[in-house]
Amino acid sequence: MIPLEVCIDADDLLALPADVAAAKAGGASRIELCGQMQHQGLTPTDAAMGIARETFADVPGLLVMVRPRAGDFCYSASELTQMQDSIYRAAGQGADGIVLGVLDSHNRMDIKALSPLLALAQHLSLQVTFHRAFDAIENQFEALEQLIDLGVSRVLSAGTPWESGLGVIGGLPRLSALLTRAAGRIELVAGGGVGPDNVAHILSELDGFSHWSLHTYSAVLDSSLRDANFTESNLQNSANAKSGPVSQARVAELVANIRAHSLLQVPQGRPFTC
């Protein structure tokens, strides 16, 4: 079955245990822990990392965002040092992986700046996901090969340009092309407006590919606590969505829809066993 990753807003420490527990009980394979989701995710606090690890204790899927500020992904020397410190702190709090992205001033992969961060993560036995900074890159096929060569575990993409306001549904042709190019050498994480109502379409369009997963955020928040003017189009841009509690029911519905599609893919004549 295609794994599901749930993004968790880590700013409310009192609500965080319940949010992580809801994602876990709903069937999430991984969580991505982020602070300040109004800025599309920054590095969470040490306290948040510790709480998330305690609640997600027996699941090896705690990923921590490493992003020192909002805005672009071209970082100064001091910001890169700050990112190294964040990687150490994430490892110290028991994270299984980190999520980061580093580009140059022309929105190309900054290999020189990225390499020491990846080396540190590897030294600390942390998996690495390259986040949606990837969607700000013009030549994504070249960047994909670079990430593979660097040993990055995963790359998150909507298949649509960063800050375009478009999500996965509009990016399915590009995601299909990226999966073809990756050929199982790196895990592609499809994220940007993924929810129970559209996941069947996403799965059908990407059917036949392996080594990929899904990422969700706004679609699994408790809908009763969203802003009154919230619409489904807001799901394409997490910065537009009201932060709120994670709904175990919504996570479970999404996982159930993924599982149902997986069951439909069992070849005829071959018995299915759990």
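Biologist: Is Glu187 buried or exposed?

Modeller: Please keep in mind that this is a predicted model. Buried means under 20% relative accessible area, and Glu187, at 11% relative accessibility, therefore counts as buried.

Biologist: Which residue does the side chain of Glu187 meet in a salt bridge?

Modeller: A salt bridge needs a side-chain nitrogen of Lys or Arg within 4 Å of a carboxyl oxygen of Asp or Glu. Here the side chain of Glu187 meets that of Arg30, with 3.2 Å from N to O. Glu187 lies in strand E7 and Arg30 in strand E2, so the pair ties together parts that are 157 residues apart in sequence. Arg30 counts as buried, at 5% relative accessibility, and a network of salt bridges links Glu5, Arg30, Arg154 and Glu187.

Biologist: How many salt bridges does a search of the whole structure find?

Modeller: The search finds 14 salt bridges, one of which joins the side chains of Lys24 and Asp58 at 2.6 Å, N to O. Because Lys24 lies in helix H1 and Asp58 in the loop between helix H2 and strand E3, this pair ties together parts that are 34 residues apart in sequence. Lys24 counts as partly exposed at 30% relative accessibility, whereas Asp58 is exposed, with a relative accessible area of 59%.

Biologist: With which residue does Asp46 form a salt bridge?

Modeller: Asp46 forms a salt bridge with Arg89, and their closest N and O atoms are 2.1 Å apart. This pair links helix H2, where Asp46 lies, to helix H3, which holds Arg89, and the two residues are 43 residues apart.

Definitions and conventions
Residues numbered from 1 in each chain as written. Predicted model: local features only at pLDDT ≥ 70, side-chain atom pairs only at ≥ 80, totals over all residues. Heavy atoms only, no water. Helix = DSSP H or I, 4+ residues; strand = E, 2+ residues; numbered from the N terminus. Buried < 20%, exposed > 50% of the residue type's maximum accessible area, 1.4 Å probe, protein only.
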